Amino acid sequence: MSIKTAKIIFWVGSMISMLILIILTFDSMGQMAVRTKEKNLSEEVVAGKKIFRKYNCNDCHTILGIGGYYAPDLTRVYRRKGAKYIESVIMDPENTLKNSFRKMPKKYAGGYEVTPEEVKKMITFFKWVDGIDTNNWPPQDHKEKTFGGNSFYQNNSAGGTNDLTLLKRKGCIDCHKIRGTGGTYGPALDGVGSRFNLQEIRKIIKEGKGNMPGRDISEENLQTIGNFLIKQKGGQK
Amino acid sequence: MTVFKSQRVSYYYFVLALLLFGLQVLTGLWLAANYAFTIPQGIVDIFHFGTARSFHTNLLVLWLLLGFMGGAYFMIPEETNSELYSPKIAYIQLILLALTGVAALIGFSFGWTQGTPLLEIPPLLDILVVIGALMFLFNIGMTLIKAKERTVISWTLLAGLLFLSLLYLFGHPFYKNLSNEFYWWWWVIHLWVEGAWELITASIMAWIIIKVTGVDRAVVEKWLYIEIGLFLFTGLVGTGHHYYWIGTPEYWYWWGGIFSALEPLPILLMVWDTYTHIKDRKNEIINPVVWTYIIGSAIVHFVGAGIWGFAQTLPQVNYFTHGSQVTVSHGHLAFFGAFVLINLTIFYYAIPKLKGIERFKSTLGLWGFWITNSFMFIMVLAFSAAGILQSYLERKMGLGYMTAQAEMQFWFQVVLVCGIVFFIGTVIIIYDLLSLKENKAEA
Ligand code: HEM
Ligand code: HEM
Ligand SMILES: [Fe+2]
C-alpha cells in the first residue's frame, strides 16, 4: 500500500463517519424533544436542574446512568421513593440514613445547606426526569418491562420468590427493616401481621400510606408479599 | 542533549504534570476509602465523595494535558527542524494553566463548581482554560507555519490538539434539557478519549518509535494515516454507544453498537505495528525503560480500551452494566494504558535528553513500571468483580442499590489495598524521573 492510498483511507473514512454522526444528531434532537416530553419542561424544572448542579449532587449520584457511582441512580427516584422520601433524605440525611453504612451530606462544599424551596424545585426536576423515555433503563426500576420490552423479572424464580428475597427485590427493605436488616425510614415489618389484616396490607402496598408511596407491583407478587407479611407476627421490632 | 534550545520549556510541563499525577492518585485512595468504609457524617459534611471525585478526575485531565502539551513542545522543534515560535508564550501559558488548576481545586472545596460530572470547572475559569489552549495552539501553529518542514506527525498532533480544544466548547452552554446536556457531554468525553486524544497518542507513539528504533519514517507515517483514519471512522459514529439510555432514539443500538465494536481494530493495529517496528529496529537498545514503556503502553491501551471497552459496548450488555463499577474498571485501565503510559513514555524519553543524559540506570524505572502496571491490573479486576456483582444483584435480581453495595464492599477493600501499592509505584516513578543521572557504570 502506498502513502497515497493510506491518505485516501484516512480522509474518506473520517469524513463518512463525521457525516453520519451529524445527520443522526439532527434527527436525534428532534426525537428527543418528544421522548423527553419537552412540553413539560417548565421553568421550575430548569430551576431544579440548576440546583442539582449547584450542589454537585451528580458527582455522587448518577442520573441517566452518568456521574459518580457512589449513591443510587436518580433517573427513576421519583417513582421508586416518592416526593416525601426525597425531601426527607435531602433535608435530614442524618436521621433518614441513620442505619445506612454510606452517608449523604447535610452540609455541602463551602458549608451550604439545601433550603426547603430548593428541594421542591429539585423534586419537580426528578418528576420530569422520571418521564424521559430511556428504553426501559435502569432495569431495576422497570421490572415489568425491561430490555426489548419483555420482563425478565416475571416468572423469575431465581433466589426464591416467596420469602424475604421478594421484599428485597421490590425495594421494600430500602425503607423497612425486617429481621434486623433494612432502612429505618418506615416502621419495621417484623410484627406487621399482628397490626393489619391481608386486605389492609394489600391496600397499603398498592396505594401507599402516609409517607409511603404506592408501589407499582404485579398481582402475583402482591399476593406473595401479602401472604408473607401477614405471617409476620413476631417480636423483633 | 536537546537539539533545540526552546525544547527546554517542556521540562517544566513534565515536572508539574508528575507532581499532579501523585496528587491525583492520592485522591483516588480517598475515594476508595469512601467505598471501603463508613465515613462519619461529620467528615461527609466537610469534604464529601463528590468533591474528592472532582479533584481526582480534574487532576487527571489537567496533568495528562500538561504532559501532552510538554510533549508537543518537545517534539515540534525536532519535527519542524526549527525553534519554537515563542518560548515565552509557553511559560506564560504554563503559569496560567497551573494557577487556573489551583483556583479550580480551591473553588470545588468551597462549592464553586459547574456541577457537571468530569466538567466541573466553572465558566469563569473555563475562559482561562480556553485562553491557555489558544496560546498553546497559536504557539504550535506559528511554529509550523514558519517552519520549512511539516511532517504527517506534526499535522496529526496539531489536528488532535485542535479537535480537542473545539470539542471542549460543547460541554459548556447551559442546556435546559438533561438529555440534551448529556448528549453533548459525550461529545467532550467520548470524542476526546476515543477521537482527539487517540490522534495525539498515535502521533506521539509514531514519533517515539521513529526516534528509538530508527525505522523508516515513510513506513511509520503510512500506518499512522491508516490508524487515525480507522480511529475516526469507528470512533465518531461510535459515540452512539453512549446513546442507548439517555432519552435518545433506539436506532443508536445499531449505529453505536456496530461502529464502537470496531473501535478495538485501530488499537490492535497499533500494537501490531509497534511490535513490527521494534522487531525491525535499526538502533540498539540504549535505555531499556523507554522500550518497556512503549510496549507496555501499546498492550495496556489495547486491553483497557479494546477489551474492557468492547466487553460492555453492545446494548445487550450495556443495559446491565451502564453506570456501574464495570464502567469504572474500564475507565481506569483505558486511561492508564492509553494516556498515562504514553505520557510516562515521553517523559522517560525526553527528560534524560533535557538533562543531557545519554544512558541512565533503569532499576527504579522498571520497578515503577511493574508495580504500577500489576497493581493497576489487579485493582481493575477488583472493580470488575464489584461491577459484575452490582450488575447481577441490582440490575438482574432487582435488589436495592444499597443492598447490592453491601455485598460489593469486600472488593472495594481490595481496590484500596491495590491502590496503596499503586501509589508507592507512582512515587517511585516520580522520584526516578526527577532524579535521573548519567549511568557511568553501564556505559
Ligand atoms: C490509587 C489508585 C486509584 C484509586 C484507588 C482510584 C479510585 C477511584 C474511584 C473510587 C473512583 C470513583 C468512581 C465512582 O464514581 O464511583 C475513581 C474515578 C476515576 N478514576 Fe481513579 N483511582 C486511582 C487511580 C487512578 C488513575 C491512575 C487513573 C488514570 C488512569 C484514574 C482514573 C479515574 C477516572 C477516569 C475516573 C472516573 C471514572 C468514571 O467516570 O468511570 N484513577 N477512581
Ligand atoms: C483510550 C480509550 C478509552 C478511554 C480512555 C475510555 C474511557 C472511558 C471512561 C472514563 C468512561 C466512563 C465515562 C463516564 O461515564 O464517566 C468510558 C465509558 C465507556 N467506554 Fe470507554 N474509553 C476508551 C475507549 C473505549 C473503547 C475502544 C470502547 C469500545 C469498544 C469503549 C467503550 C465504552 C463504553 C460502552 C462506555 C460506557 C459505559 C457505561 O455505559 O457506563 N471505550 N470510557
Ligand atoms: Fe465511548
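## The shell around ligand 2

By class, twelve nonpolar, twelve polar and three charged residues make up the shell around ligand 2. Here Ala, Val, Leu, Ile, Met, Phe, Trp, Tyr, Cys and Pro count as nonpolar, Asp, Glu, Lys and Arg as charged, and the others, Gly among them, as polar. This is a predicted model: local features need pLDDT of at least 70, side-chain atom pairs need pLDDT 80 or more, and totals for chains, interfaces and linings use all residues. Residues are numbered from 1 along each chain, chains are lettered from A and ligands numbered from 1 in the order written, and side-chain values use heavy atoms, without hydrogens or water.

Ligand 2 is surrounded by 27 residues, each with a heavy atom within 4 Å of it. The site is shared between chains, because residues from chains A and B surround ligand 2. α13(B) gives the largest share of the shell, seven residues. Helices are DSSP runs (H or I, at least four residues), numbered from the N terminus.

## Atoms close to the ligand

Which residues are closest to ligand 2? They are B:Asn318, B:His322, B:Gly323, B:Thr327 and B:His330. A polar side-chain atom of B:His322 lies 2.6 Å from an oxygen atom of ligand 2. For a polar backbone atom of B:Gly323, the distance to a ligand 2 oxygen is 2.8 Å.

## Where the chains meet

The contact (heavy atoms within 4.5 Å) takes 83 residues from chain A and 88 residues from chain B. Four salt bridges link chain A and chain B. Each pairs a side-chain nitrogen of Lys or Arg with a carboxyl oxygen of Asp or Glu within 4 Å. One joins B:Arg53 to A:Asp59, with the closest N and O atoms 3.3 Å apart.

Terms used
A polar contact is a pair of N or O atoms within 3.5 Å; within protein, one must be able to donate a hydrogen and the other to accept it, and residues adjacent in sequence count only if both atoms are side-chain atoms. Helices (H or I, at least four residues) and strands (E, at least two) are DSSP runs, numbered from the N terminus.
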